[in-house]
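Here is a friendly walk through one protein model. Have a look at the picture first, then read on.

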Amino acid sequence: MNGPAAAATSDDSFFGGKLPLSAPPVTTAVAPGVTLTSLSLGAKDAGDYWTVHVYLPGTVDGPLNTANTALGAKEIADRVAGVVRQKGFEPRIEEVASPAFADHPAGTLGWTVRVGQYATSVEASALLSKIRAAGFAGGTRYTAQDGIDPGAPQKVHVLRVDFREFGGTVGTDFGPALNGTEKLTDLAAAAGAVAGINAQWFYNSAPGGMYVKDGKLIGSATQGRAGIKIARGGRSVDVDAYTAHVTLRAGRESVEIDGVNRVPGEIWNCGGVGGDQPTEKPQHDLKCTDGSELVLFTPEWGAPPAGAGAEVVLDAGGKVTAVNSSRGASVPAGGSTVQAIGDSSAWLLEHVKVGERVHVSERVEDSRGRHVALTPDTTILQVGPTLVRDGKVSVNAAADGLIREGADRTFTYNWAVRSNPRSMIGMDDRGRLMLVVVDGRQDGYSEGLGIAQTGELMKLLGAREAMNLDGGGSSVMVTSGAGIVNRPSDATGQRSLGNVLLVRP
């Protein structure tokens, strides 16, 4: 464990200190030293029902037919409920509480307006049509997925890798290029993997957040966001927060590079460097922008984006082989390109000349500002938030951008508080690497978990360190013998992914 944030933890009281098993766990051997345990928790409750969730406007006097926030201030909920009642419906105003996170206190997140109680989604959808016809916006909700029921049904799949018996490795992989997505089953089969799970978020068909593979920085950092460092083929795991600074030096001049292997001008999850709007702080699933950027492309990316701006092409030794007044040149084997947009284009064209050598340096730091050596056996996946540190539930929701800036708390409500499918990685108290999936959004089968409850689950499963991976419809786990072992929530099945974690023999 590293970093001062680890000192603040939240109490793990949701499950009451014990998982609500509804059936004996089923454990199978996947390979020597690799086991898969499937657990059934909770059960469908007769009190769970479908309802209509009426959306609220951003202000108390805002239009109702185009409202798009799931919850809001009490005065806004009161006003909407009053109008809903005038239209002949019977609304309920419900308070939504946020649990305590390691860096954010518990409290009221907002208020919702709901109408009706039904046994099926079809009945709720019929009422939703009437409510929309009356001039309101909204959607349907299943109350077991509100993230407040510890007895809700859950299907949990836990893969443990015991390196005292397993001689292989755990690491990351992606398809032919970072700029493209692949299905986990295809990547696992191509690698001859024993098992695998989804890994990072992905945007514009590429992984989002810092990505270090085999000691090489190939993905931009979301500055200060959580990540997991994997070394020695999975035998060493460290959860922390990371930053990265990449610098281009040409002669006596130097400049910070804004990103690595991403579309210039688009900073998904924010947390970039210099001039990003509307914020330079992490904000999960929000796209910040910057009209003046330098972005480094390596061969792993594939074909760089084309467009206005400027670029330089560097060979493996850092020699400039081309300076172009537009973008889109291929990356030479072993070399790189640096693309510029906006004002950064003028700097690049002025300071970098064909035939000269330039130097690109990088520095990755942990939460204490200590240099992280990128050795050939180092992998870093920046995903988050943290879940467990030093055996205690510790979710850094604010630092990881789950608490959105501004008054609208819809994102925090839907992503962090409500139940969703989740994927996790960690290390248990016996030194075994853990890969875990919880299915969700499947009423009566598996509802999913809020992010605080995900941390509690990992602790109860024995995790000393744990971190959240991409989730939702991306949550998928495979083994070589069984194929997909969970039930991905998308109706179309498993998604194509930006990158994955594989257990290789």
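## A pair of strands to start with

Let's begin with β29 and strand β30 (residues 433-438), which pair in the antiparallel sense over six bridges. Two strands count as paired if DSSP finds at least two bridges between them. The strands themselves (E, at least two residues) and the helices (H or I, at least four) are DSSP runs, numbered from the N terminus. Along this pair, Arg-422 sits opposite Val-438 in β30. The two strands make a hairpin with four residues between them, and in the turn Gly-431 has a positive phi of about 80°.

Before going further, note that this is a predicted model: local features need pLDDT of at least 70, side-chain atom pairs count only at pLDDT 80 or more, and totals for chains, interfaces and linings use all residues. Residues are numbered from 1 along each chain as its sequence is written, and side-chain values use heavy atoms, with hydrogens and water left out.

## How β29 is packed

On its other pairing, β29 is joined by five bridges to strand β31 (residues 463-468), and the two run antiparallel. There, Gly-426 has Ala-466 of β31 as its bridge partner.

Is β29 buried or exposed? Seven of the seven residues of this strand (residues 422-428) are buried, so it is largely enclosed by the rest of the structure. Buried means under 20% relative accessible area, exposed means over 50%, and partly exposed is in between (1.4 Å probe, protein chains only). Both faces are covered: Arg-422, Met-424, Gly-426 and Asp-428 are buried on one side, and Ser-423, Ile-425 and Met-427 on the other.

## The sheet around it

Zoom out and you find an open sheet of eight strands, in the order β1-β2-β7-β30-β29-β31-β27-β28, with antiparallel pairing. Its edge strands, β1 (26-31) and β28 (392-393), each pair on one side only.

## A second sheet and its helix

Another open sheet has five strands, in the order β18-β21-β24-β22-β23, and here the pairing is mixed. The edges are β18 (259-260) and β23 (320-327), each pairing on one side only. Strand β22 (residues 307-314) pairs with β23 in the antiparallel sense over six bridges, and Glu-311 has Asn-324 in β23 as its bridge partner.

Helix α4 (residues 343-351) lies across β21 (293-297), β22, β23 and β24 (336-341), running at about 130° to β24. That angle is taken between N-to-C directions, from 0 to 180 degrees, using lines fitted to C-alpha atoms, for helices over the stretch in contact; contact means heavy atoms within 4.5 Å.

Among the buried ones are Ile-451, Gln-453, Glu-456 and Met-458. Just after α6, Gly-462 takes a positive phi of about 105°.

Asp-78 belongs to helix α1 (residues 74-86) and is partly exposed, with a relative accessible area of 35%. Asp-78 and Ser-38 are 40 residues apart in sequence and 44 Å apart in space, C-alpha to C-alpha.

## How confident is the model?

The protein chain averages a pLDDT of 95, and 98% of the residues score at least 70; pLDDT is the predictor's confidence in each residue, from 0 to 100. Over residues 1-11, though, pLDDT stays under 50. Where pLDDT is low, the predicted coordinates should not be read in detail.
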